[in-house]
Amino acid sequence: MNINNKARILLLGVAFLAAVPVSHGQILKRIKKKAEKAAEKAIDDVVSGDEEANQTPEEAPSTGLPAKAAVSQVVDFTAGDSLLFGDDLTGETIGSMPHYWKTSGSGQVVTFPGTEGNWMLLKEFTTYKLDTLLAMPADFSLEFDIFTRSDKARDLNDFNFGFARDNSVSSYISDAYNDNAITSTTVHYWNEEVIHSSSDTKVYNTSDFELANYANAVMHVSIQVNGTKMKVYLDDKKVLDTDMFDPKTPKYFYMSTGTELNNEAQIAVSNFQLRE
């Protein structure tokens, strides 16, 4: 029996009881009151049910909570207009150290099956700098690619890049504080973190980054420097945007491999573009 039929029956019951003489006593009065209340409730249920059924989505009651909005990340990296230096290692002799680079240890130009272009294969526990004594201008962008081969990404240990106060490769640069270094960005494959530090501004921060997918892949690095501020992007994901330099500090680019490459893991770089 639906609500409408129940309401009709209860209303008829109320009408019948209303016609019963008062002389029948208190029992009939109680029955009459209960019937009236039941009828009122049934009518309310009918009205409420009809309102809910006919309610449009726009009329639905508000929860008072703000609607969820999708957040889109904007890549605000801007490459410089003028190319100051570019090197994709084209024309280099396979097996030799490339002409525009120098190192505290060794390195060589190689090719990888199934991957285009030449790459500079890096040796563990070694630092690399440009062999052109090329100090960076006040405002510039620098881009390059990192290519890896390994059973697991964590076998790569870590890879470090940043800027130093001179162009010497007399010793290994491991962080922002030794061998005249200024900044350090460490891609820590082992712990899936990216670590940034600066001896100029005393910045030190870490952020999680999904590095497990980079065991056999190319990662594009983008760096943008404007005066004291430095931005770093890994595959278009911003991982740094803060002051990292003293205004008068000279800047020479460097790269350093970790102290160990496990299970015959390999790390290589190429496709450098320095723009002002």
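I take two strands as paired if DSSP finds at least two bridges between them. The model I am reading is predicted.

**Entry 1**

I looked up the pairing of strand 8 with strand 9 and found 6 bridges, with the two strands running antiparallel. Within this pair I noted V187 opposite V194 of strand 9. The hairpin of strand 8 and strand 9 leaves 4 residues between the strands, and there E192 has a positive phi near 55 degrees.

I then went to the other partner. Strand 9 and strand 10 also run antiparallel, joined by 5 bridges. Here I noted H196 opposite N205 of strand 10. Their hairpin has 5 residues between the strands, and K202 takes a positive phi near 60 degrees in it.

Is strand 9 mostly covered or mostly open? I found it mostly covered, with 5 of its 6 residues buried.

**Entry 2: D200 and R165**

Next I checked the loop between strand 9 (193-198) and strand 10 (204-208), where D200 lies. D200 makes a salt bridge with R165, with 3.0 Å between the closest N and O atoms. I looked up the exposure of each partner.

**Entry 3: D76 and its partners**

I counted 5 salt bridges in the structure. Which residues does the network of shared partners join? I wrote down D76, K231, K238 and D241.

I followed D76 to K231 and read 3.2 Å, N to O, for their salt bridge. The link spans distant parts of the chain: D76 is in the loop between helix 2 (26-54) and strand 1 (83-87), K231 is in strand 12 (residues 229-234), and 155 residues separate them. I have K231 as buried, at 14% relative accessibility, whereas D76 is partly exposed, with a relative accessible area of 28%.

I followed D76 to K238 as well, where the closest N and O atoms of the salt bridge are 3.0 Å apart. K238 belongs to strand 13 (residues 237-243) and D76 to the loop between helix 2 and strand 1, so the pair ties together parts 162 residues apart in sequence. I noted K238 as partly exposed, at a relative accessible area of 36%.

Methods. Residues numbered from 1 in each chain as written. Predicted model: local features only at pLDDT ≥ 70, side-chain atom pairs only at ≥ 80, totals over all residues. Heavy atoms only, no water. Salt bridge = Lys/Arg side-chain N within 4 Å of Asp/Glu carboxyl O. Buried < 20%, exposed > 50% of the residue type's maximum accessible area, 1.4 Å probe, protein only.
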